[in-house]
Amino acid sequence: MEALELSRWQFAITTVYHFFFVPVTLGLSIFTALLETCFVITKREKWKPVCKKLTKFFGTLFLINFAMGVVTGIVQEFHFGMNWSEYSRFMGDIFGAPLALEALTAFFLESTFLGIWMFGWDKLSPKLHLATIWLVAIGSNLSAFWILVANSFMQHPVGYALMNGRAEMANFTALVTNPYVVGEYSHALFAGIATSGFVVIAVSAWKILHDEVSKAAFETTLKAGAVFMLIGLFGVMGSGHLHTQYMLKANPMKLSSMEALWETENPAPFAVVAKINKEEKKNDFEIAVPGVFSFMLYNKPEGEVKGINDLQKMNETMYGPGNYIPDVTGLFWSFRAMVGAGGFMMFVAGVTLLLAWKGWIKKFPCVLKAIPFLLPAAYVANSAGWYVAEGGRQPWIVVGLQKTADAVSPNLTGGEVLLTTVGFTLVYLVLAVLALYAAFRFIKNTTVAEGSDA
Amino acid sequence: MELTVFWFILITVLFTGFFILEGFDYGVGTLLPFMSDDDSDRRMVLRTIAPVWDGNEVWMITAGGALFAAFPHVYATMFSAFYLALFLMLLALILRGVAFELRSRHESASWRKGFDCAIFFGSFLPAILWGVAVADLIGGLPINDKMIYEGNFFNLLTPHSVLGGIAFLLVFAYHGASFLTIRLKEQHLLDKAKSIANKVGVAAIVAFVLFGAATVTMTDFGESALATLILAVAAVAFVAGFSAMRKNCGKCSFIMSSAAIGLTTVAFFTALFPRLMVSSLNPAFSLTIFNAASTDYTLSIMTKAALLLVPIVLLYQGFTYYIFRKRVSREDLGEH
């Protein structure tokens, strides 16, 4: 394989791996901060020690996850220069700014205050200590904001001018207020809350079944986690819905590709399943519900949606001959995997909350047993979501401005990129095993109860 | 002042901060296996840098981000030229970062020794690679008229750059040892740190002076009288620090090694100015603040952000060092 193909694989592997950890960092930082807030402000003497131990318990899971996210995040930042130097040259005037701002506003904040939070329990007043975890949560979420400002430009460039053979920033405010940012950021933030809620209920369910001493505390976090997860899921659905409607304007090729809509239609149907024929640019077979796709986009059962084949012709007129169609099959099924997994999570969260709230959960130990095994659904949804976002902009690295094929570093050989790809992947695998082992062991051996030492 | 000049200075500041701060935690990580075989001892050694190493590493990430924002061509050429070197550095930093977190999660000796090994290599390797990189930046690399690197991994390794790697490693190790003398409490660890400092210090001075002399004579570094003067002052500061250590003043030694590292960084950037990467093919192909910079518009926005944020970062990072100013003792090991 060539340096280009391998660089794409490497970036995809690193991004997906990195995003195993990012959602939990975003959501669990907030959850941990909420637990510590409970510890600091609660007037109920009974709750105070339990909240503190729960803070440390989920805080430790947060720390293990955070370390994995940070180290892969550094790879991401270096990757643009290492493998995509021509992209960095072409886009640096615009793309570098949010990355530098991410480091200045977010990385310093989260890493510095996390250090204080970890080791400062008896060196700071409780209120000041509480402030540090909130600063960590703010830093993490600010970091997501800046990197999605950068990503949104790649999906939907705004506020630029093509000059001196590169894209130059013409309007910083436009870059930051790109409507695409609103959709991507809110979707990622709520996905983080939903994923973290799922982690919390999975851990709590296991502890309720296997740790008699800690049972009471984790019955509470089971409820809290389910509520947290539902908030996240409603947010994900809402932001996803609005963002999809916005994509009709901003990114029609991605939109029609994820629905495998080859021909322009009004009203457009929603295909539940389809056998996609990329060669003949049509679906050999599909089960479609009439009008539903238009309804999703226009809130009424009519409205034109441009088909892939028409969009291809429009792209050829605008950008010259070439293939402007992304991986329709991959996008179609990724989108369904994402939405399906999200819907399934809604079901899990709803059932858990209902049973926990009514106190019925003890009668259904099978539900508690099942929850931890269902956790991968969140990771499927997150990964599939990124495939839709990033696969959907191909063949462009910046839609309409630069193609992925023109972005790769020209000095790299296939062998070099193969070496690094294999190297990173192996290290990722080994570390995932070690981190999971450490996390499982911690969950198993740590008790959370009044009077016990945590 | 021209914005490009301001950003050249800011990048110098970021690298200066990075080498001083991460320098001692690379040093501590490198010395970890030599400080003691006992687990509690090692935990105390690690505890001296545990609350701060991640914040220190952000100086490097910010320097990278600042290069990307202010001099995108430098970011593109440098990172793709140092491809395999950066790959090794990233592997090292990944292992190191995860090791700091996971080490304490299991009591078994093999688990802890394994992660100690990761911390050692994760500190040792980046220290060397930074030395190689700094030497290559001033020594020049085969960069063509399109700003594209024409060499491979082995072009990065010259006698000069290898000497640079050794010098950085030893200087950081010494810097780490003097940091330990002011941050540890247990007498036997303090004695160990001092004895290491006294041994490593001699080697570090030799490597520092040889590398400095090679840089001044083998590259065009010597053409800048100011840079040469600053480098000489740095060498004097380093030697003064070493003699202070012999007189049992760890604090004086640490201040001096910090000054030496800072001044060395400033000297290199002074010699480079206005270049950021030197082309060995043709001086006209070198990447400079003129041909590699972002637009004035981007630079002006980033300048406002930097002027606002860098002082705030310095304040709260200073606050961290203030909170953790007490020497690390056995009592600190109760938690975590």
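**Chatting through a two-chain model**

Q: Is A:D284 buried, exposed or partly exposed?
A: A:D284 is partly exposed, with a relative accessible area of 37%. Here buried means under 20%, exposed means over 50%, and partly exposed lies in between (1.4 Å probe, protein chains only).

Q: What kind of model is this, and how is it numbered?
A: This is a predicted model: local features need pLDDT of at least 70, side-chain atom pairs count only at pLDDT 80 or more, and totals for chains, interfaces and linings use all residues. Residues are numbered from 1 along each chain as its sequence is written, chains are lettered from A and ligands numbered from 1 in the order in which they are written, and side-chain values use heavy atoms, with hydrogens and water left out.

Q: Back to A:D284. Which strand is it in?
A: A:D284 is in strand β4 of chain A, residues 282–289. Strands are DSSP runs of E, at least two residues; helices are runs of H or I, at least four; both are numbered from the N terminus.

Q: What does A:D284 touch?
A: A:K275 and A:N277, leaving aside residues up to four places away in sequence. Contact means heavy atoms within 4.5 Å.

Q: Which side chain makes a polar contact of 3.2 Å with that of A:D284?
A: The side chain of A:N277 does. The side chain of A:K282 also joins that of A:D284 at 3.2 Å. A polar contact is a pair of N or O atoms within 3.5 Å; within protein, one must be able to donate a hydrogen and the other to accept it, and residues adjacent in sequence count only if both atoms are side-chain atoms.

Q: New topic. How many residues of chain A are in contact with chain B?
A: 72 residues of chain A are in contact with 68 of chain B.

Q: What area is buried between chain A and chain B?
A: About 6,300 Å², with 74% from carbon and sulfur atoms. Buried area is the accessible area (1.4 Å probe) that two parts lose on being put together, summed over both.

Q: How many salt bridges cross the interface of chain A and chain B?
A: The rule finds two. A:K123 and B:D332 meet in a salt bridge (3.8 Å, N to O). The rule wants a side-chain nitrogen of Lys or Arg within 4 Å of a carboxyl oxygen of Asp or Glu.

Q: How many residue pairs are in polar contact across the interface?
A: There are 21, both residues at pLDDT 80 or more. On the side of chain A that touches chain B, α3(A) gives the most, with 25 residues.
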